[in-house]
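Please load the model in a viewer and keep a selection panel open. The stops below proceed from annotated segments to individual side chains.

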Amino acid sequence: ASETASLEEQLQGWGEVILMTDKVLRWERAWFPLALMSVVSFSFLMIYYLDPSVLSGVSCFVMFLCLADYLVPALAPRIFGSNKWTTEQQQRFHEICSNLVKSRRRIVGWWKRLFTLKEEKPKMYFMTMVFTLAVVAWIGQQVHNLFLTYLIVSFLLLFPGLNQHGIITKYIGMAKREINKLLKHKEKKNE
């Protein structure tokens, strides 16, 4: 609770923007996924067209973040209306901050599990890491860096909406059923 309260305090100036972003990422309107993918596609097309060096790209990205950090808290109340928060908005903001804290804890937990695996089963850790990194390296070799980044960013931005509308659960359920059918079919063949 204290972590959530601390995060809420740090993000207070970004409240309206975070609530609007949450609505877009969860697809509260039917056209939000199209708008989201249009913005992402346009951004990546501009990066492809301009073909900046790594140093220029990182510099522009950090400059954009600095501008946003400076301008958003000042301009957001003027753009989104009054400074008065409804209880519903405050509750949703609290849920978002709580989810961010939970996500951070999950990532830290996975990180700790990885190092626990390294200490307890070093051979298993080594084999898992070598195999995983080899697969990632192979994928990186087969797919253009910018396109791969585009796919990753697109998936990460579409994930909350896919999850909210039950699409991920639906397809995971279908995959589980197909795997179970294959396993049952294989068992019958073996008998």
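Begin with the record: in an unreviewed entry, UniProt places the feature "transmembrane region" at residues 30-50, 56-76, 124-141 and 147-168. The coordinates themselves belong to a predicted model.

**Two of the annotated segments**

Select residues 56-76. The chain here is 100% helix and 0% strand, with the end C-alpha atoms 28 Å apart. Next, select residues 147-168, where the chain is 91% helix and 0% strand and the end C-alpha atoms are 23 Å apart.

**The bend in α4**

Display helix α4, which covers residues 54-80. At which residue does helix α4 bend? The bend, of about 50 degrees, is at Val72, and a proline, Pro73, follows within four residues. Val72 is also one of the buried residues of α4, together with Ala68, Ala76 and Pro77. Just after α4, select Gly81, which takes a positive phi of about 105 degrees.

**The aromatic cluster**

A search of the whole structure finds 5 aromatic pairs. Select Phe44 and Tyr150: this aromatic pair is edge-to-face, at 5.4 Å centre to centre and 75 degrees between the planes. Because Phe44 lies in helix α3 (residues 32-50) and Tyr150 in helix α7 (residues 145-164), the pair ties together parts that are 106 residues apart in sequence. Phe44 counts as buried, at 13% relative accessibility.

With all three side chains shown, ring pairs link Phe44, Phe147 and Tyr150 into a cluster.

Remain in helix α7 and select Ser154. Ser154 counts as buried, at 6% relative accessibility. A polar atom of the Ser154 side chain lies 2.8 Å from the backbone oxygen of Tyr150. Not counting residues up to four places away in sequence, Ser154 touches Met37 and Val40.

**Helix α5 and Arg92**

Move to helix α5 (residues 87-120) and select Arg92. Arg92 counts as partly exposed, at 21% relative accessibility. Which side chain makes a polar contact with that of Arg92? The partner is the side chain of Glu95, at 2.6 Å. Leaving aside neighbours within four places in sequence, Arg92 is in contact with Leu19, Asp22 and Arg26. For a distance across the model, select Met129 as well: the C-alpha atoms of Arg92 and Met129, 37 residues apart along the chain, are separated by 39 Å.

**A charge over a ring**

For the last stop, select Trp110 and Arg113. Arg113 lies over the face of Trp110, at 5.0 Å from the ring centre.

Conventions:
Residues numbered from 1 in each chain as written. Predicted model: local features only at pLDDT ≥ 70, side-chain atom pairs only at ≥ 80, totals over all residues. Heavy atoms only, no water. UniProt positions renumbered as here; feature names shortened; annotations may be inferred. Helix = DSSP H or I, 4+ residues; strand = E, 2+ residues; numbered from the N terminus. Phe/Tyr/Trp six-rings, centres within 6.5 Å; stacked < 30°, edge-to-face > 60°. Buried < 20%, exposed > 50% of the residue type's maximum accessible area, 1.4 Å probe, protein only. Lys NZ or Arg CZ within 6 Å of the ring centre and 35° of its normal. Polar contact = N/O pair within 3.5 Å; in protein donor to acceptor, adjacent residues only side chain to side chain. Contact = heavy atoms within 4.5 Å. Bend = angle between axes of the 7 residues up to and from the residue.
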